[in-house]
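Welcome! Here is a short tour of one protein, starting with its overall surface and ending with its aromatic rings. Please have a look at the model first.

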Amino acid sequence: MTINGGDAIYSIFFLICIFGIFSGVFFLVRSLVTKQPSKSDRIELDRIIVLLEKDKKE
């Protein structure tokens, strides 16, 4: 029993597509889980910390 060229190319293409889908889902989930706070969030947190320290001193 032999595999012809078309079947081999189809199989390889299909495996590459499946690998690409799983990789895309993995990186999407990983980026959502390890989401870094945005720059504006950091500025707001810094402002809150400054106001709290100022309130402590008074």
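## The protein as a whole

The accessible surface of the protein comes to about 6,000 Å², and 69% of that belongs to carbon and sulfur atoms. Such areas come from the Shrake-Rupley method with a 1.4 Å probe, and for residues only the protein chains shown count as cover. Of the 58 residues, 2% count as buried; buried means under 20% relative accessible area, exposed over 50%, and partly exposed in between (1.4 Å probe, protein chains only).

Two helices and zero strands make up the secondary structure. Both kinds of element are DSSP runs, numbered from the N terminus: helices (H or I) have at least four residues, strands (E) at least two.

## How to read the model

This is a predicted model, where local features need pLDDT of at least 70 and side-chain atom pairs count only at pLDDT 80 or more, while totals for chains, interfaces and linings use all residues. Residues are numbered from 1 along each chain as its sequence is written, and side-chain values use heavy atoms, with hydrogens and water left out.

## A nonpolar patch

Which residues form a nonpolar patch on the surface? They are Tyr-10, Phe-14, Ile-18 and Phe-22, with about 460 Å² of accessible area together. Patch residues have over 30% relative accessible area and no salt bridge; nonpolar side chains (Val, Leu, Ile, Met, Phe, Trp, Tyr) are joined within 5 Å, like charges within 9 Å. A salt bridge is a side-chain nitrogen of Lys or Arg within 4 Å of a carboxyl oxygen of Asp or Glu.

Tyr-10 sits in helix H1, which covers residues 5-33. Tyr-10 counts as exposed because its relative accessibility is 55%, whereas Phe-14 is partly exposed at 44%.

## Two aromatic pairs

The structure holds two aromatic pairs. Rings of Phe, Tyr and Trp (its six-membered ring) pair if their centres lie within 6.5 Å; planes under 30 degrees apart count as stacked, over 60 as edge-to-face and the rest as tilted. The Tyr-10 and Phe-14 rings have centres 6.1 Å apart and planes at 15°, so this pair is stacked. Both residues lie in helix H1, four residues apart, about one turn of the helix.

Phe-26 and Phe-27 have ring centres 5.3 Å apart and planes at 70°, so their pair is edge-to-face. Phe-26 is partly exposed, at 47% relative accessible area, and Phe-27 is partly exposed at 48%.
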